[in-house]
Each structure stands twice: as structure tokens, then as C-alpha cells.
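This report describes the fold and selected side-chain contacts of one protein chain. The sequence and the structure are shown first, and the account follows.

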Amino acid sequence: MTSGGGSGPMKDCEYSQISTHSSSSPMESPHKKKKAAPKRKWEVFPGRNKFCCNGRIMMARQTGVFYLTLVLILVTSGLFFAFDCPYLSEKITPAIPAIGGILFFFVMGTLLRTSFSDPGVLPRATPDEAADLERQIGNTEDIANGSSSGGYRPPPRTKEVIINGQTVKLKYCFTCKIFRPPRASHCSLCDNCVERFDHHCPWVGNCVGKRNYRFFYMFILSLSFLTVFIFAFVITHVILRSQQAGFLNALKDSPASVLEAVVCFFSVWSIVGLSGFHTYLISSNQTTNEDIKGSWSNKRGKENYNPYSYGNIFTNCCAALCGPISPSLIDRRGFIQPDTPQPAAPSNGITMYGATQSQSNMAAATPLLQSEPSIASEELPLSGKTTIGAPCATLTLGQPTPPSSMPNLTSETGLTDMIPLKEEHEGHQFLTPEEAPSPPGMLPAGSPITHSHTLHVLSLASQDSLHEDSVRGLVKLSSV
């Protein structure tokens, strides 16, 4: 229900703005697209690794030898507990299967911990970080060469740092786009830079580095004890049976013991030897990679002494086995942060009848249009008469100046044609074009519409400055 000709369209305009803000447009699909679930970092990890259990398990892609290791341990231990332990617990002591079970679970725990954990992978540089590093490398090289321009020069591969008085070279990794920290190296199988890289072990299906080296050492050490334990008591089992029924009959009565003895005999030498080698490395605080390359000497007085050694075997062992485990740097289970949305380009359009959807959305989202009341000049129009304020009904407080492409009724010639001068109509109080106020939609081009302008127009229009005769004259002129 509206009163007057100008207030009805204004109410419709207000309703259109509210409905645009609160409901979807007919042009839009009624079914909104479901937002894609955020990806975790392990799903887009650039290295050659495979992940399980939603990124909790991290391994190398070549895991065939790891499964062989798992089968050998499970089969050998299973045969021992099934065929040897019952006889040994009866003839010797029940402590044999108990000790064997403790060793077995310790071996399996350390093996899985070594195989399924992050060895200390270093995150690769982002494109911005890589570009910044290349600029730094280029500037350093230009300064070193005494020139700021020239042809392309490859970035230097090394930097030098001082560690405990020893010069250590940091190599640049062209794959990861970083200068590797001391003792780090790039694994060609996993395609990752690993901190304190020791070696890539196919038997555990993973690299051995800073974060899993202690578990690897405890695995091979406990496996050595388990292998020796099983081999010793298998031989004891065979000897006890051969004393009762002969050697050949003992082998026939317990064929599983023969298989266990063969597997343990050929594996014990390599496992025990590997354990001794890594015990030496831990006592001198070296890695397999450094020992093979001959990077350091154990003698402190030589030029290439080991800067990482504490000079004491006990301290070196405690640092390698009892120190805190550093957190993973790749955060493989973290979510990928979405890009920050760019703000929409500002538009100078106004909300009006027949406005486009983008303009309506902008008007609905503009705080001024939502907070400021619309001007429905219900006191201006006269019943049955055309008023000047009618075309301005769609303007609201805080709106920008209409574009120049809209019809402009503010030129002096237009006003002088529509409004007669004083001399032609004496007895009537007409206003000259200079004295006549301009409605909000008819201001001169370039003059901003402000709140004071609007209130001034309303106050002037509410007075009897324009009589009915002048309005009739305007209507006649406009009809001509």
C-alpha cells in the first residue's frame, strides 16, 4: 500500500535490494556447488614416497625388500615359537620363550618405527623463496666478479660455514632449491634432502636420517641378539633330541629347526657386522655417508678432524641415542592453506530498475545502502500532478554520482526552456535557473551528492516555492 506516485516505485526498489541481499538470483543455480575438501600436504608431496593411514605412515616407494625382511623375521620367529619353544621350556626353562618373545616384539617395534617415520626430510623451497635465493646468488656472484651485468652464470654450488673451527661446505640442491644444512644429503631414491643423512636402507624401506637413526640402530642391535638367540637354542634343541634318538632322527622329528638354523646362520654374520659398524659410527659421531667419503678423521690434531664429535665415546653415544627427537619439518598431515581471495573490482554503477545482477549484488553488499534509509519523498508529489522529484525516487543516501552516460537534465538551456523567467510571468514568484535548486538526480556533472544536498532539496521542496501554476506551466512545456 503506497500513497503518491513517487513512493510506490521507491518501496519496490527497497524490496528489490533486500531480496537481492538475502536470496539467490534467478540466474544462479539453485543448487550451490559443494566446497571441495581441503587437501593435506602428503597428497601433493613432491618426493618419491608413499603414504598410508592418511599420511601417518611414510615410506619409500621401493618396499619389496622391506616385505622380505618382514617375512623372514615373522617366519623364523614363528617356527621357533611353534616347534622349538615347547620342547625347550619343558626340558630346560620356561624363561626361553619369554625372553624370545620380548626380543621379538622389540625388533618388530623398532623396525616399524624406522620404516614408517619421517627420516628428517627437508621441505623444498617455494617458488618465491627459490626466486629470492637465486637473486641473492646472482647479486653475490656479480659482486665477486666486479660486474653487475653480463651473460648467464650458473649459481655457485657451495657456501662455506665455520663449525667448531672447521670449514664445512654447504652444497646447493638444484632439485629442492635450497642450500643443504651441514650433514644433509639428497637421496636419489626418495628424491628428498634428508637432514643428517646416513644412508638409504632397502631392508627397512626408508631413508635413515636424523629422526629415525636411533630406532634403526636399536633394530639391528636387537635383531642381532634375536638371531643369535634363536640360532643358539635351535642348535640346543637338535643336540638334545639327537642324544635321545640320534642325529638323523632328530632332524626328521624337527624339520623346522633345520630351516631356522640355515636362515640364522647366513644372516647372523651380516646383521652382527652391521651392528658393530654402526656402534663405531655412533661412538665417533659420524654417519655412513661421511665415513664412506672419508670426510673426517678421528684424530683431533689433524686438519680434517670431525667437528661434530664431542671427544668422548660416552657423550657421542648419549647424543645419538638419548637426545631429543626433532619435530618433522614437512608437516605431512597438515592442510594446504587456500589462496587468499582477491577483492572484487569496484564498480561505479547505481542500483536502479533494470539494473544488472552484479550491480544489484553490489548494492546489497554496500553498508551504506543497507544502513541508510531510502528517501521516499511522500510529501513532495501533489495528487494527480507530475513532480520533479519522481525521477529521483531510486536514489538513496550515500550512492555515488550517476555516470555521465545517463541523461543529464542539469544544463542551463534545459532549465531555461522548462522554467519561465520572471519577466514573462509577472505576478508569479518564479526562480531563475541560478536560484532554482537542482534535485539529487539533476546536479551538474562532477558535483557530488551529499547528505546536506538531499536535505536542502527536501526543505525547499516542502515550501511553497513552486505554485500550482508553475507546475502546470512545466507540464505544458514538457508535453510540447
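## Salt bridges and helix packing

Lys41 has a relative accessibility of 33% and therefore counts as partly exposed, since that class lies between 20% and 50%. This value, like every other in the report, comes from a predicted model. Asp331 is likewise assigned to the partly exposed class because its relative accessible area is 41%. The two residues form a salt bridge in which the closest N and O atoms are 3.6 Å apart. Lys41 belongs to the loop between helix H1 (7-22) and strand E1 (49-52), and Asp331 to the loop between H9 and helix H10 (357-365), so the pair ties together parts 290 residues apart in sequence.

The structure holds six salt bridges.

| Salt bridge | N to O distance |
|---|---|
| Lys41 – Asp331 | 3.6 Å |
| Arg211 – Asp118 | 3.9 Å |
| Glu290 – Arg183 | 2.9 Å |

In general, side chains of opposite charge can pair when their charged atoms come close.

The side chains of Arg211 and Asp118 meet in a salt bridge. This pair links distant parts of the chain, with Arg211 in the loop between E9 and H5 and Asp118 in the loop between H3 and helix H4 (127-145), 93 residues apart. Arg211 counts as buried because its relative accessibility is 14%, and Asp118 is buried with a relative accessible area of 0%.

Glu290 and Arg183 also meet through their side chains in a salt bridge. Since Glu290 lies in helix H8 and Arg183 in the loop between strand E5 (178-179) and strand E6 (185-187), the pair ties together parts that are 107 residues apart in sequence. Glu290, at 7% relative accessibility, counts as buried, and Arg183 is buried with a relative accessible area of 16%.

Asn304 is found in the loop between helix H8 (288-293) and helix H9 (313-321). Its relative accessibility of 32% places Asn304 in the partly exposed class. Leaving aside residues up to four places away in sequence, Asn304 touches Gln166, Gly294, Ser295, Trp296 and Ser297. The C-alpha atoms of Asn304 and Gln166 are separated by 7.6 Å, although the two residues are 138 residues apart along the chain.

Attention now turns to the helices. Helix H3 (residues 95-115) has 21 residues and should span 30 Å at 1.5 Å a residue; its end C-alpha atoms are 30 Å apart, which agrees. The buried residues of H3 include Ile96, Gly100, Gly101, Leu103, Phe104, Val107 and Met108. Further along H3, Thr110, Leu111, Thr114 and Ser115 are buried as well. The buried residues of this helix pack against strand E2 (57-60), helix H2 (64-91), strand E9 (206-208) and helix H5 (213-245).

H5 also meets helix H7 (residues 255-284): their axes come within 8 Å and cross at roughly 145 degrees. The crossing of H5 and H7 is left-handed. Residues of this contact divide into 20 nonpolar, eight polar and one charged.

For the chain as a whole, the secondary structure comes to 14 helices and nine strands. Of its 480 residues, 36% count as buried. Among contacts between residues at least 6 apart in sequence, 64% join residues at least 24 apart.

Notes: Residues numbered from 1 in each chain as written. Predicted model: local features only at pLDDT ≥ 70, side-chain atom pairs only at ≥ 80, totals over all residues. Heavy atoms only, no water. Helix = DSSP H or I, 4+ residues; strand = E, 2+ residues; numbered from the N terminus. Expected span 1.5 Å × (residues − 1). Buried < 20%, exposed > 50% of the residue type's maximum accessible area, 1.4 Å probe, protein only. Contact = heavy atoms within 4.5 Å. Axes fitted to C-alpha atoms, helices over the stretch in contact; angles between N-to-C directions. Left-handed = near helix turned anticlockwise from the far one by under 90°. Nonpolar A, V, L, I, M, F, W, Y, C, P; charged D, E, K, R; others polar. Salt bridge = Lys/Arg side-chain N within 4 Å of Asp/Glu carboxyl O.
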